[in-house]
Amino acid sequence: MDWRDEGALLAVRPHGESSAIIEVFTAAHGRHAGVVRGGTSRKMTPVLQPGTQVSVEWRARLEEHLGSYRVEPLKSRAVATMGDRRTLYGLGAICALLSFSLPEREPHPGLYRATQRLLDALGTDARWPALYLLWELALLEELGFALDLTDCAVTGATEGLIYVSPKSGRAVSAAGAGQWADRLLPLPGCLRGAAPSHPGEILEGLRTTGFFLETWLAPALGGRRLPEARNRFVGVLEREETA
């Protein structure tokens, strides 16, 4: 068995004396692991970094085997994260969430394209934190936990939507919230694709997507805790907001 593909490297861990097991989010084969012989060598260590875009050739005797990778770098994203802790932690959150949530060897072409756009925006597009927020929303939808933010779950209104129901994942208007407003999650405009009016909006949106990642997605994956990398990224944004 063998195939060729390309994708973003998500995770690396040592294997044996000199090899490494890597996970790559590939275009046609989803999240796919394999062994890289000599993966801990001086030559390969700079290549095998999370976020690097790579061309891979996977080979195994049987399809169900772990198999081995031959890796060629296509694009390093290390330069974009150098000297910028927010970007570095954002990259870590993206890779960790994909490794945490995606089923192995299952293609997700729409999410793959969205991930590529986000990774390419890191450090080059000032809007990337807002893109990251929408990416988390897309991740939830891709895995079967879509939020419905189009109209109010109570009144059916399409205007004045400022909350999200933690039970249904549907939008709620100010009028529809009534006495239950303090039990609802925020719905900032940037969570519906509008440009954020202030940095705090993104944190409000991440509070909402984080709630559903933690209470909907994580239990479906066996109750595992969300990757600490996401918490570190949100923490950086919070510290920047209060600085």
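Residues are numbered from 1 along each chain as its sequence is written, and side-chain values use heavy atoms, with hydrogens and water left out. Because the model is predicted, local features need pLDDT of at least 70 and side-chain atom pairs count only at pLDDT 80 or more, while totals for chains, interfaces and linings use all residues.

Helices (H or I, at least four residues) and strands (E, at least two) are DSSP runs, numbered from the N terminus. Buried here means under 20% relative accessible area, exposed means over 50%, and partly exposed is in between (1.4 Å probe, protein chains only). In a regular strand the side chains alternate between the two faces of the sheet. In β2, Ser19, Ile21, Glu23 and Phe25 point one way and Ala20, Ile22, Val24 and Thr26 the other, all of them buried.

On one side of the pairing scheme, β1 and β2 run antiparallel and are joined by 8 bridges; strands pair if DSSP finds at least two bridges between them. Leu9 has Val24 of β2 as its bridge partner.

Rings of Phe, Tyr and Trp (its six-membered ring) pair if their centres lie within 6.5 Å; planes under 30 degrees apart are stacked, over 60 edge-to-face and the rest tilted. For Trp3 and Tyr69, the centres are 6.2 Å apart and the planes at 75°, so this pair is edge-to-face. Trp3 sits in β1 (residues 2-15) and Tyr69 in strand β5 (residues 68-75), so the pair ties together parts 66 residues apart in sequence. Both Trp3 and Tyr69 are buried. Phe211 and Phe212 form another edge-to-face pair, 5.1 Å centre to centre with 90° between the planes. Phe211 counts as partly exposed at 28% relative accessibility, whereas Phe212 counts as buried at 0%. Ring pairs also link Trp128, Tyr132, Trp135 and Phe233 into a cluster.

As for the cores, a nonpolar core is a set of buried Ala, Val, Leu, Ile, Met, Phe, Trp, Tyr and Cys residues joined through side-chain atoms within 4.5 Å. The largest one has 53 residues, and those with the most contacts inside it include Tyr132, Trp135 and Leu206. Helix α4 gives the largest share, 8 residues. Leaving aside neighbours within four places in sequence, Leu206 is in contact (heavy atoms within 4.5 Å) with residues including Tyr132, Arg230 and Phe233. A second, separate core of 15 residues includes Leu9, Val24, Val47 and Val56.

Finally, helix α6 (residues 199-220) has 22 residues and reaches 31 Å from first C-alpha to last, close to the 32 Å expected at 1.5 Å a residue; the expected span is 1.5 Å times one less than the number of residues. The helix bends by about 30° at Leu213, the bend being the angle between axes fitted to the seven residues ending there and the seven starting there. Just after α6, Gly222 takes a positive phi of about 95°.
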